[in-house]
Amino acid sequence: MNRDTLKGQWKQLKGRAKETWGQLTDDELMRIEGSAERLSGLVQERYGLTRDEAERQIDRFLDAADEPPRRH
(Lines give C-alpha, C1' and ligand atoms only; values in the text may rest on other atoms or scores of the structure.)
Protein backbone atom coordinates (compact mmCIF):
# COMPACT_ATOMS: atom_id res chain seq x y z
CA MET A 1 0.00 0.00 0.00
CA ASN A 2 1.29 3.45 -0.74
CA ARG A 3 0.78 6.63 1.22
CA ASP A 4 -1.92 7.88 -1.13
CA THR A 5 -4.17 4.89 -0.56
CA LEU A 6 -3.78 5.19 3.21
CA LYS A 7 -6.27 8.04 3.25
CA GLY A 8 -8.93 6.02 1.45
CA GLN A 9 -8.55 3.03 3.73
CA TRP A 10 -7.89 4.82 7.01
CA LYS A 11 -11.16 3.76 8.66
CA GLN A 12 -10.21 0.12 8.20
CA LEU A 13 -6.60 0.66 9.26
CA LYS A 14 -7.14 2.70 12.43
CA GLY A 15 -7.44 -0.46 14.51
CA ARG A 16 -4.17 -1.83 13.15
CA ALA A 17 -2.51 1.52 13.81
CA LYS A 18 -3.76 1.41 17.41
CA GLU A 19 -2.27 -2.09 17.79
CA THR A 20 1.02 -0.95 16.27
CA TRP A 21 1.33 2.32 18.19
CA GLY A 22 -0.63 1.77 21.39
CA GLN A 23 0.34 5.13 22.87
CA LEU A 24 -1.75 6.95 20.27
CA THR A 25 -5.25 7.83 21.40
CA ASP A 26 -8.42 7.20 19.44
CA ASP A 27 -8.90 10.96 19.10
CA GLU A 28 -5.41 11.38 17.66
CA LEU A 29 -6.01 8.57 15.19
CA MET A 30 -9.27 10.20 14.09
CA ARG A 31 -7.54 13.56 13.57
CA ILE A 32 -4.85 11.96 11.40
CA GLU A 33 -7.56 11.28 8.78
CA GLY A 34 -5.30 8.93 6.83
CA SER A 35 -2.45 11.39 6.40
CA ALA A 36 0.85 9.49 6.46
CA GLU A 37 2.62 12.76 7.21
CA ARG A 38 0.47 13.44 10.28
CA LEU A 39 0.84 9.84 11.45
CA SER A 40 4.60 10.04 11.05
CA GLY A 41 4.79 13.28 13.03
CA LEU A 42 2.67 11.89 15.83
CA VAL A 43 4.63 8.63 16.02
CA GLN A 44 7.85 10.64 16.01
CA GLU A 45 6.63 12.87 18.84
CA ARG A 46 4.98 10.21 21.00
CA TYR A 47 7.80 7.67 20.77
CA GLY A 48 10.77 10.06 20.62
CA LEU A 49 11.92 8.77 17.24
CA THR A 50 13.86 10.46 14.52
CA ARG A 51 11.93 11.41 11.43
CA ASP A 52 13.67 8.68 9.43
CA GLU A 53 12.77 5.98 11.97
CA ALA A 54 9.14 7.12 12.14
CA GLU A 55 9.00 7.03 8.33
CA ARG A 56 10.44 3.50 8.30
CA GLN A 57 7.79 2.38 10.78
CA ILE A 58 5.03 3.91 8.66
CA ASP A 59 6.42 2.17 5.57
CA ARG A 60 6.48 -1.20 7.38
CA PHE A 61 2.92 -0.57 8.58
CA LEU A 62 1.77 0.13 5.03
CA ASP A 63 3.58 -2.93 3.67
CA ALA A 64 1.93 -5.11 6.32
CA ALA A 65 -1.48 -3.67 5.41
CA ASP A 66 -1.08 -5.20 1.95
CA GLU A 67 -0.59 -8.68 3.36
CA PRO A 68 -3.66 -10.92 3.61
CA PRO A 69 -4.92 -11.59 7.13
CA ARG A 70 -3.41 -14.64 8.80
CA ARG A 71 -5.65 -17.58 9.52
CA HIS A 72 -5.19 -19.52 12.70
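Is I58 buried or exposed? Select I58 to begin: this residue is buried, with a relative accessible area of 0%. Here buried means under 20% relative accessible area, exposed means over 50%, and partly exposed lies in between, with a 1.4 Å probe and protein chains only.

The model is predicted, and local features need pLDDT of at least 70, side-chain atom pairs count only at pLDDT 80 or more, while totals for chains, interfaces and linings use all residues. Residues are numbered from 1 along each chain as its sequence is written, and side-chain values use heavy atoms, with hydrogens and water left out.

**The whole chain**

Display the protein chain as a cartoon. Helices (H or I, at least four residues) and strands (E, at least two) are DSSP runs, numbered from the N terminus.

Along the principal axes, the C-alpha atoms fill a box of roughly 35 × 25 × 25 Å. Of the 72 residues, 32% count as buried.

Next, colour the charged residues. The protein chain has 14 positive and 15 negative charges, and their mean positions are 3 Å apart. Lys and Arg count as positive and Asp and Glu as negative, whereas His and the chain ends are not counted. The place of a charge is NZ of Lys, CZ of Arg, CG of Asp or CD of Glu.

**Around I58**

Return to I58, which lies in helix α5. Show its contacts (heavy atoms within 4.5 Å). Not counting residues up to four places away in sequence, I58 touches R3, W21, A36, L39, S40 and V43.

Select S40, one of the residues touched by I58. S40 lies in helix α4 (residues 36–47) and is buried, with a relative accessible area of 2%. Apart from neighbours within four places in sequence, S40 is in contact with A54, E55 and I58.

**The aromatic pair**

How many aromatic pairs does the count give? The count comes to one aromatic pair. Select W21 and F61: their ring centres are 5.0 Å apart and their planes stand at 50 degrees, so the pair is tilted. W21 lies in the loop between α2 (10–20) and α3 (26–32) and F61 in helix α5 (residues 51–66), so the pair ties together parts that are 40 residues apart in sequence. Rings of Phe, Tyr and Trp (its six-membered ring) pair if their centres lie within 6.5 Å; planes under 30 degrees apart count as stacked, over 60 as edge-to-face and the rest as tilted. Both W21 and F61 are buried.

Select E28 in helix α3. E28 is buried, with a relative accessible area of 11%. Leaving aside neighbours within four places in sequence, E28 is in contact with Q23, L42 and R46.

Finally, select E33, in the loop between α3 and α4. E33 is partly exposed, with a relative accessible area of 45%. Although E33 is not a glycine, its phi is positive, at about 55 degrees.
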